Amino acid sequence: FMSRVIHVDNPGKRRNQARRSIAEILRLLGRKQAIDDEGRDMAAMLVYFLREIKETVDESAAAWEKRGYWMKVERFVRDWEWIPELAANIDDVIRHEAWDLLPELLADLSPHFDDIHIKTMTRKPSDWRGAWRKLMAEPPVAAY
């Protein structure tokens with residue numbers, strides 16, 4: 001008899017993990033007096049996590065469209081439409097080293113993660129180490 005294949009990393013779970021990571025990074029970045037190497041890595045990691053969320057939104061939307069849940073898809077996609085622009089803006093700040101603009105972008109990002117309550121930090125600095133170098137090695141993306 002065949003058992004059902006259960007995907008443990010479904011789009012919703014990956015989206016929640018990325019949201020949790022962003023919430024933790026926002027808290028840690030907010031404590032920094034100035035952007036150092038770790039701060040640059042954290043900022044770059046925000047771009048990667050935002051891209052991950054966008055990917056999971058697209059996956060979920062595609063799955064619901066196949067089932068004909070058009071209204072649900074439309075509402076869901078609208079809830080996340082802020083992501084590409086914010087990801088592109090953070091990417092831009094990083095590439096042009098316009099760090100003075102970062103706090104404003106973090107302030108724009110923050111309300112989207114207010115529902116995540118953090119008692120203890122679960123992400124490790126090794127999770128974002130090297131993210132800045134990796135991002136800078138990629139060609140700039142006009143919009144995600």
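Arg-19 is buried, with a relative accessible area of 11%; buried means under 20% relative accessible area, exposed over 50%, and partly exposed in between (1.4 Å probe, protein chains only). The model is a predicted one, in which local features need pLDDT of at least 70, side-chain atom pairs count only at pLDDT 80 or more, and totals for chains, interfaces and linings use all residues. Residues are numbered from 1 along each chain as its sequence is written, and side-chain values use heavy atoms, with hydrogens and water left out.

**Salt bridges**

Arg-19 forms a salt bridge with Asp-115, with 2.7 Å between the closest N and O atoms. A salt bridge here is a side-chain nitrogen of Lys or Arg within 4 Å of a carboxyl oxygen of Asp or Glu. The pair links distant parts of the chain, since Arg-19 sits in helix 1 and Asp-115 in the loop between helix 5 (102-109) and helix 6 (131-137), 96 residues apart. Helices (H or I, at least four residues) and strands (E, at least two) are DSSP runs, numbered from the N terminus.

Arg-14 pairs with Glu-59 in another salt bridge, at 2.6 Å from N to O. This pair also connects distant parts of the chain: Arg-14 belongs to helix 1 (residues 11-31) and Glu-59 to helix 2 (residues 37-66), 45 residues apart. Arg-14 is buried, at 17% relative accessible area, whereas Glu-59 is partly exposed, at 32%.

The side chains of Asp-127 and Lys-124 also meet in a salt bridge, at 3.9 Å from N to O. Asp-127 is partly exposed, with a relative accessible area of 34%, and Lys-124 is partly exposed as well, with 48%. The whole structure contains 13 salt bridges.

| Pair | N to O distance |
|---|---|
| Arg-14 and Glu-59 | 2.6 Å |
| Arg-19 and Asp-115 | 2.7 Å |
| Lys-124 and Asp-127 | 3.9 Å |

Asp-41 lies in helix 2. Asp-41 is buried yet has no salt bridge; Arg-129, the nearest side chain of opposite charge, is 5.9 Å away. Lys and Arg count as positive and Asp and Glu as negative, while His and the chain ends are not counted. The side chain of Asp-41 reaches the backbone nitrogen of Ala-131 at 3.4 Å. Apart from neighbours within four places in sequence, Asp-41 is in contact (heavy atoms within 4.5 Å) with Trp-128, Arg-129, Gly-130, Ala-131, Trp-132 and Arg-133.

Ser-21 is placed in helix 1 and is buried, with a relative accessible area of 5%. Leaving aside neighbours within four places in sequence, Ser-21 is in contact with Phe-49 and Arg-123.

**The protein as a whole**

The secondary structure comes to 6 helices and 0 strands. Along its principal axes the C-alpha trace spans about 55 × 35 × 30 Å. Of the 144 residues, 40% count as buried. Among contacts between residues at least 6 apart in sequence, 80% join residues at least 24 apart.

The protein exposes about 9200 Å², of which carbon and sulfur atoms supply 53%; accessible areas come from the Shrake-Rupley method with a 1.4 Å probe, and for residues only the protein chains shown count as cover. The mean positions of the 24 positive and 25 negative charges are 8 Å apart, the place of a charge being taken as NZ of Lys, CZ of Arg, CG of Asp or CD of Glu.

How values were computed:
A polar contact is a pair of N or O atoms within 3.5 Å; within protein, one must be able to donate a hydrogen and the other to accept it, and residues adjacent in sequence count only if both atoms are side-chain atoms.
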